[in-house]
Amino acid sequence: MVSLANVYHISLDYLFGLCDDMSKILEKRILNPLKISNNIKSFRIEKGITQEQLSLDVGISYDYYRHFEADLGKEGISVINLYKISVVLGVDIGAFFVSK
């Protein structure tokens, strides 16, 4: 999905139907990496899961996930991995994108 968005120069917000107007996307910055990272961290802590365990369950390296949380999402993360994280944490993937 990210590759598709990059090829066609469109936002993932638009691609996933989170916003139907590209100008609103730029104004609101719906996909906020900081918000996503903080929400995932919050859900992870609520569930009592360590960074290491989550990375093992998702199938990504511990260092990559640790940097994702520590750098407040600046590292970026694929939609597929966001989905896997949501499954492991038992939350809807949409919960990562809204203010908690």
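Which helices do the buried residues of α7 pack against? They pack against α4 (33-46), α5 (51-58) and α6 (62-70). Buried here means under 20% relative accessible area, exposed over 50%, and partly exposed in between (1.4 Å probe, protein chains only).

This is a predicted model: local features need pLDDT of at least 70, side-chain atom pairs count only at pLDDT 80 or more, and totals for chains, interfaces and linings use all residues. Residues are numbered from 1 along each chain as its sequence is written, and side-chain values use heavy atoms, with hydrogens and water left out.

**Overall fold**

- The chain has seven helices and zero strands. Helices (H or I, at least four residues) and strands (E, at least two) are DSSP runs, numbered from the N terminus.
- Along the sequence the pattern reads α-α-α-α-α-α-α.
- The chain has 100 residues, and 33% of them count as buried.
- Among contacts between residues at least 6 apart in sequence, 49% join residues at least 24 apart. Contact means heavy atoms within 4.5 Å.

**Helix α7**

- Helix α7 spans residues 79-89, and its buried residues are N81, L82, I85, S86 and L89.
- These residues lie on the same side of α7, because they cover an arc of only 145° around the axis. The arc is that of the directions from the helix axis to the C-beta atoms.
- I80, Y83 and V87 are exposed, on the face of α7 turned away from its buried side.

**Helix α5**

- Q51, L54, S55 and V58 are the buried residues of α5.
- Their arc around the axis is only 100°, so they sit on the same side of α5.
- The partners of these buried residues are α4, α6 and α7.
- S55 belongs to helix α5. Its relative accessibility is 2%, so S55 counts as buried.
- Beyond its neighbours within four places in sequence, S55 is in contact with I60, S61, Y62 and Y65.
- G59 follows α5, and its phi is positive, near 90°.

**Where α4 meets α6**

- Two packed helices are described by the angle between their axes and the distance between the axes.
- The axes of α4 and α6 come within 8 Å and cross at roughly 115°. Axes are lines fitted to C-alpha atoms, for helices over the stretch in contact, and angles run from 0 to 180 degrees between N-to-C directions.
- From α4, the contact uses I36, S37, I40, K41 and R44; from α6, it uses Y65, F68 and E69.
- By class, the residues of this contact are four nonpolar, one polar and three charged. Ala, Val, Leu, Ile, Met, Phe, Trp, Tyr, Cys and Pro count as nonpolar, Asp, Glu, Lys and Arg as charged, and the others, Gly among them, as polar.

**E69**

- E69 lies in helix α6. With a relative accessible area of 6%, E69 is buried.
- E69 and K41 are 28 residues apart along the chain, yet their C-alpha atoms are separated by 6.9 Å.
- Setting aside its neighbours within four places in sequence, E69 is in contact with S37, K41, R44 and Q51.

**Aromatic pairing**

- The structure holds two aromatic pairs.
- In one of them, the rings of Y65 and F68 have centres 6.1 Å apart and planes at 40°, so the pair is tilted. Rings of Phe, Tyr and Trp (its six-membered ring) pair if their centres lie within 6.5 Å; planes under 30 degrees apart count as stacked, over 60 as edge-to-face and the rest as tilted.
- Y65 and F68 are three residues apart in helix α6, so about one helical turn separates them.
- Y65 counts as buried at 0% relative accessibility, and F68 counts as buried at 2%.

**E75 in the loop**

- E75 sits in the loop between α6 and α7. Its relative accessible area is 42%, so E75 is partly exposed.
- E75 and Y64 are 11 residues apart in sequence and 8.2 Å apart in space, C-alpha to C-alpha.
- Apart from its neighbours within four places in sequence, E75 is in contact with Y64, H67 and F68.
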